[in-house]
Amino acid sequence: FEPREVPGEDWPLRNPLGVVPLVELAVNRTLKPSPFGGGVSQFAGQLNEQRKINTTVMNLLVTLENQAFRQRWATGWDYPLNEDGTPNLSAIQANSASRTWVLNNESGEPVTVGEFSQADFRPFLDVLNFWTRTMSFSSSTPPDAFLLGELVNVADGAVARLYTSHISEVQSLADSLGEGHEELMRLALKIENNPKANDMSSSVRWAEFERRSATEQMGVAKDLKELGAPLQAVFSAVPDTTQQE
């Protein structure tokens with residue numbers, strides 16, 4: 001890097017904050033030290049599955065374009081010709097889309113027609129479903145989020161287990177991103193010359209990641225009360241109750 005010197009401007013630039021006004025919101029940090037922080041994208045592990053899905057969809061579209069309908073064929077047909085004797089492709093194309101064919105043969109030879117069967121697209125759909133299911137497992141995403149249609153007559157306990165890994169994954173992201181948000185708020189307070197910028201006990205308060213029914217959530221609040229939790233904590237578990245309330 002080379003300094004960008006501006007006439008009449010001090011160099012190095014004066015920074016009254018005393019800290020770099022940039023905050024990294026990193027996820028999936030590695031143990032390996034890096035001079036510029038670092039992390040791994042949340043969807044990095046699913047890129048290969050996404051490429052497979054893209055390739056399968058492309059092959060499906062190509063097959064749809066060429067084999068969605070039965071392809072007709074004819075032998076012994078005097079197909080339309082141009083004045084120079086080459087096949088008239090426009091007329092042939094128009095005939096291929098016609099409902100009724102009238103095939104002429106001036107030589108008197110018999111005209112034979114037939115058709116090729118259309119392609120079976122079920123294997124493409126099965127492969128797409130397989131790759132999507134693989135992505136669901138590797139990303140800890142519940143199958144119903146991909147509309148896989150596999151959650152039929154599933155017990156509540158089984159559904160809860162499916163969401164456990166997903167909620168755990170989201171919680172780990174919240175822990176990582178929460179540190180960055182806390183640093184960001186301290187930086188904003190420092191810019192305002194607010195003495196609370198030095199309060200290291202501040203923390204980000206996330207909403208519940210797990211969706212519960214109102215009855216289940218009220219049960220959580222009652223359990224907190226029986227355990228002797230502060231009244232603020234009890235009412236924070238009550239559905240649709242804001243922090244101000």
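1. Thr-56 touches Phe-124, Val-127, Leu-128 and Trp-131, leaving aside residues up to four places away in sequence; contact here means heavy atoms within 4.5 Å. Thr-56 lies in helix α1 (residues 47-67), where helices (H or I, at least four residues) are DSSP runs numbered from the N terminus. Thr-56 counts as buried because its relative accessibility is 10%; buried means under 20% relative accessible area, exposed over 50%, and partly exposed in between, with a 1.4 Å probe and protein chains only.

2. This is a predicted model, in which local features need pLDDT of at least 70 and side-chain atom pairs count only at pLDDT 80 or more, while totals for chains, interfaces and linings use all residues. Residues are numbered from 1 along each chain as its sequence is written, and side-chain values use heavy atoms, with hydrogens and water left out.

3. The axes of α1 and helix α3 (residues 122-138) come within 10 Å and cross at roughly 165 degrees. The two helices are therefore roughly antiparallel, a term for angles over 145 degrees. Axes are lines fitted to C-alpha atoms over the stretch in contact, and angles run from 0 to 180 degrees between N-to-C directions.

4. From α1, the residues that meet α3 include Ile-53, Thr-56, Val-57 and Leu-60. Among their counterparts in α3 are Phe-124, Leu-128, Trp-131 and Met-135. By class, this contact of α1 with α3 has 8 nonpolar, 6 polar and 2 charged residues. Ala, Val, Leu, Ile, Met, Phe, Trp, Tyr, Cys and Pro count as nonpolar, Asp, Glu, Lys and Arg as charged, and the others, Gly among them, as polar. An α-helix has 3.6 residues a turn, so residues three or four places apart point the same way.

5. Gly-180 is placed in helix α4 (residues 156-191) and, at 6% relative accessibility, counts as buried. Gly-180 touches Val-23, Glu-24 and Leu-25, not counting residues up to four places away in sequence.

6. Ser-140, in the loop between α3 and α4, has a positive phi near 55 degrees and is buried at 18% relative accessibility. Asn-193, in the loop between α4 and α5, has a positive phi near 60 degrees but is exposed, with a relative accessible area of 69%.

7. Just after α5, Gly-228 takes a positive phi of about 85 degrees.

Terms used
Parallel < 35°, antiparallel > 145°, perpendicular 65-115°, else oblique.
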